[in-house]
Amino acid sequence: MLKCERTSVMNIENAIRGARNPMNSWNKMDSSYDEEGDYILGPNDLGLAKRLRKAGSDHRKYIRQIFVSVDITAPLYWWKEYDTYKVGTTANSTSTMHKIHSKPFELEDFSHDHMTEETLSFMKTVVSELEKIRLRYLETKDKKEWYDLIQLLPSSYNQMRTCTLNYENVINMYFARRSHKLAEWHTFCQWVETLPYAKELILGEEE
């Protein structure tokens, strides 16, 4: 299970203006904001953006100045792979260390959408045991109970992080992970395809 929520894409105008700096071609800018406040690339700006995107990472530096903020909820086993991408990304996560005991454990706190019936049945017993330990910890504040929670917690536990990336990060993730065996990466890549100008600036597709 993976969810991408509260997506914001920022700084397209400044990134495109910067892309024109090397040739002092600002007078050719033809983009503008629509009624919803979205920055719409005109034919000149979009054409330049596509040519630079196609020319490779040395020429598409403007891509790194298009920023994305998104809340991603995903299991810990997915976050372990996401953490490969450290350069140019930032994330603030909900805390298992400080808040693991703050709410009752429920099955929906864990990714279980691909479990067999037999494994799902066992998972329910794990969730039940975690809840018993949580209640004991709340009553006793015994650190041994807290450690039981942390060390028993399955990697399917869902964590939400607010992530900041740029379009260059997203390009690297998309093409590295679009054929990955984890379904969560496919969901992530589908989200990437919904970003503004994803077809032209991220996927590099021609019309």
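Mentor: Setting aside its neighbours within four places in sequence, Tyr 62 is in contact (heavy atoms within 4.5 Å) with Ala 15, Ile 16, Ala 19, Ala 49, Lys 50, Leu 52, Arg 53 and Leu 201. This is a predicted model, in which local features need pLDDT of at least 70 and side-chain atom pairs count only at pLDDT 80 or more, whereas totals for chains, interfaces and linings use all residues. Residues are numbered from 1 along each chain as its sequence is written, and side-chain values use heavy atoms, with hydrogens and water left out.

Tyr 62, together with Ile 72, Trp 78 and Ile 202, touches the most other members of the largest nonpolar core, which has 41 residues. Such a core is a set of buried Ala, Val, Leu, Ile, Met, Phe, Trp, Tyr and Cys residues joined through side-chain atoms within 4.5 Å, where buried means under 20% relative accessible area with a 1.4 Å probe, protein chains only. Among the elements that each supply at least two residues of this core are helix H1 (12–19), helix H2 (43–55), strand E4 (67–75) and helix H9 (198–202); helices are DSSP runs of H or I with at least four residues, and strands are runs of E with at least two, numbered from the N terminus. A second, separate core of 15 residues includes Ile 100, Met 123, Leu 149 and Leu 153.

Strand E4 also belongs to an open sheet of 4 strands in the order E1-E4-E6-E5, with antiparallel pairing, two strands being paired if DSSP finds at least two bridges between them. Strands E1 (3–10) and E5 (90–93) stand at the edges, each with a single partner strand, so one side of each lacks a neighbour in the sheet.

Note on methods:
Buried < 20%, exposed > 50% of the residue type's maximum accessible area, 1.4 Å probe, protein only.
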